[in-house]
Amino acid sequence: RGILDRTHVKLYTLKSFGRFMQESDLQVTRKIFTPIPLPMIHGIFAEGGLLHWLHSINNALATVWPSLFSFQIILVCKKRIL
């Protein structure tokens with residue numbers, strides 16, 4: 001399950017993936033940083049739950065310091081026009 005399942009061929013850092021996109025003539029147009037999906041782990045973190053505030057802090061940290069707190073990073077790319 002997750003990033004270590006057999007469908008994933010290679011793991012990248014944000015920097016190495018950015019380099020890979022440049023080499024592939026793709027331009028990163030948007031970066032989306034997602035926090036650990038705490039509400040999926042336990043309902044106490046869901047909206048209205050006792051620890052929902054912790055999920056909110058987790059989300060803010062993933063946005064401010066994605067290399068440390070992001071669960072996954074999604075890069076939206078487009079073909080670079082030469």
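Visitor: Where is D25 found?
Guide: This is a predicted model. In it, D25 is found in the loop between α1 and β1, the latter covering residues 26-34.

Visitor: What about the phi of D25?
Guide: The phi of D25 is positive, about 55 degrees, although D25 is not a glycine. Most residues other than glycine have a negative phi.

Visitor: How accessible is D25?
Guide: D25 has 30% relative accessibility and counts as partly exposed, because that class lies between the buried limit of 20% and the exposed limit of 50%.

Visitor: Changing topic to aromatics. How many aromatic pairs are there?
Guide: The count comes to four aromatic pairs. One of them joins Y12 and F17, with 5.0 Å centre to centre and 70 degrees between the planes.

Visitor: What kind of pair do Y12 and F17 form?
Guide: The Y12 and F17 pair is edge-to-face, because planes over 60 degrees apart count that way.

Visitor: And F17 with F20, what kind of pair is that?
Guide: F17 and F20 form a tilted pair, 5.9 Å centre to centre with 50 degrees between the planes.

Visitor: How are F17 and F20 placed in helix α1?
Guide: Helix α1 spans residues 14-23, and F17 and F20 are three residues apart in it, so about one helical turn separates them.

Visitor: Which residues form one aromatic cluster?
Guide: Y12, F17 and F20 do.

Visitor: What are the relative accessibilities there?
Guide: Y12 is partly exposed at 35%. F17 is partly exposed at 22%, and F20 is partly exposed at 34%.

Key:
Residues are numbered from 1 along each chain as its sequence is written. This is a predicted model: local features need pLDDT of at least 70, side-chain atom pairs count only at pLDDT 80 or more; totals for chains, interfaces and linings use all residues. Side-chain values use heavy atoms; hydrogens and water are left out. Rings of Phe, Tyr and Trp (its six-membered ring) pair if their centres lie within 6.5 Å; planes under 30 degrees apart count as stacked, over 60 as edge-to-face and the rest as tilted. Buried means under 20% relative accessible area, exposed over 50%, partly exposed in between (1.4 Å probe, protein chains only). Helices (H or I, at least four residues) and strands (E, at least two) are DSSP runs, numbered from the N terminus.
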